[in-house]
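I opened my notebook for a first look at this structure. Here is what I looked up, entry by entry.

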Amino acid sequence: MRFIETASRFVHGFLLATAVACIAGCASAPVESRDARPAQAVASDPYPDMPSIAPIGVRIGKYLDVPASAQGPAIDPAKGYRLQELGRGLYLITDNAIQSMFLVYDRGVVLIDAPQAYAAHIRQAVAEVSDKPITHLVYSHSHADHIGGAKTVGGHPVIIAHEETLRLLKRDADPSRPLPTVTFKDAYKLRVGDQVLELSYHGNGHEPGNIFIHAPAQRVLMVVDVVFPGWMPWRRFAVAQDVLGTFAQVEQIRKMDWDTFVGGHVARTGTHPDVDVQAEFYRDVKQAAATALATTKLGEGLNPSDQTNPWAFYDNYIDRVAGQCVNTLTPKWSTRLAAFDVYIWDQCYSMEQTLRIE
Ligand SMILES: [Zn+2]
């Protein structure tokens, strides 16, 4: 009933309009329907108990509002970025969607990531607080949204990354992401002047080679694309290559000793309570998907003529599992994580797949 009452604005209207159009206009001559699809392939009624959150592929007029607690300080539009001091020569650069850092020492500056989005402003940002040269660049991982501005920043810094990141970047052969010149396997301590960065690898989660970057003197921990303070993670747990590995890393982050967390995305830095909330959400998604998998009956409501189509058979099952998972999570989480509605279906589809086949 919840679907009928609240989702009819978009899903029901959208799907039924399609079906009704066909009933009215193409029942007598289905092969002449305007989009020339076979009559049996048009959308029909949604599944029973459809969530009030619009499923993937259904456009809605307005997403849920982002709560103030998830917002960061405003960006000066003339600059296109903001600088946030994290203490003892460590700074955050962000455009409120993506985040990188730099560390100033007596003879130079260490950049940590070089996002495409504001790479052209990174030298300007550094120049706000230091006239020292950029001597080192640390890659958190290989993804272009975080390091695709490395070439734009320029110079010839020592580039430090995990050995898996080197492997992936060799494969990608992207001139905007120069290859690391120093790699490591388990841990690497970077000492520059009186500053220290501790780099460590905790296995696959988001992607192979994604590292933890710890600034012990500043009590700052940066782990990119794993925790999103105040926010729903990007779709499919930030496209995690190993979902359960990502969950395990969130638990590791919780247990570590730091005061400020930098997640590489969203509008603000994080706290221990933010990481606790993310860990709780991950546990809840896992439980909701597990329960849905266990209680949903295979093949229910499937058109009998599709019984010999195993892809359709499981599509029907997985859609109903995901719908139940979304229904379970919506009351508790829709007001606790910004953009819950944008990606909750993606998280439930990802979780059911993880639990069903991994
Ligand atoms: Zn990434």
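Which residues coordinate the zinc ion? I found H141 (NE2), H143 (ND1), H206 (NE2) and D225 (OD), at 2.1 Å. I took donors to be N, O and S atoms within 2.8 Å of the metal (3.2 Å for Na, K and Ca), and since water is not among the atoms, sites may look incomplete.

A note on what I am reading: this is a predicted model, where local features need pLDDT of at least 70, side-chain atom pairs count only at pLDDT 80 or more, and totals for chains, interfaces and linings use all residues. Residues are numbered from 1 along each chain as its sequence is written, and side-chain values use heavy atoms, with hydrogens and water left out.

**Zinc site**

I checked the angles among the four donor atoms of the zinc ion and got 87 to 168°, an irregular site. For the label, four donors count as tetrahedral if all angles lie between 85 and 135 degrees; four count as square planar and six as octahedral if opposite donors are over 155 degrees apart and all others between 65 and 115; anything else is irregular.

Next I wrote down the spacing of the donor residues in sequence, which is H-x1-H-x62-H-x18-D. H206 sits in the loop between β9 (195-201) and β10 (211-215), and D225 in the loop between β11 (220-223) and α7 (235-239), so this pair ties together parts that are 19 residues apart in sequence. My helices (H or I, at least four residues) and strands (E, at least two) are DSSP runs, numbered from the N terminus.

Are H206 and D225 buried or exposed? Both are buried. Here buried means under 20% relative accessible area, exposed over 50%, and partly exposed in between (1.4 Å probe, protein chains only).

**Whole chain**

I counted eleven helices and twelve strands in the protein chain. Of its 358 residues, 49% are buried. Among contacts (heavy atoms within 4.5 Å) between residues at least 6 apart in sequence, 64% join residues at least 24 apart.

**Two helices crossing**

I then turned to helix α9 (residues 272-295) and helix α11 (residues 340-357), whose axes come within 9 Å and cross at roughly 60°. That makes α9 oblique to α11. Axes are lines fitted to C-alpha atoms, for helices over the stretch in contact, and angles run from 0 to 180 degrees between N-to-C directions. Angles under 35 degrees count as roughly parallel, over 145 as roughly antiparallel, 65 to 115 as roughly perpendicular and the rest as oblique.

Which residues meet there? From α9 I listed F281, V285, K286, A289, A290 and L293; their partners in α11 are F340, I344, Q347, M351, E352, L355 and R356.

S350 also lies in α11, and it is buried, with a relative accessible area of 6%. Setting aside neighbours within four places in sequence, I found S350 in contact with R236, F237 and V243. S350 and V285 are 65 residues apart in sequence, yet 9.9 Å apart in space, C-alpha to C-alpha.

**Exposed spots and loops**

K170 belongs to helix α6 (residues 163-172) and is exposed, with a relative accessible area of 54%.

R88 is not a glycine, but I noted a positive phi of about 50° for it. R88 lies in the loop between β1 (82-87) and β2 (90-94) and is exposed at 52% relative accessible area. N96, in the loop between β2 and β3 (99-105), is another non-glycine with a positive phi, about 75°.
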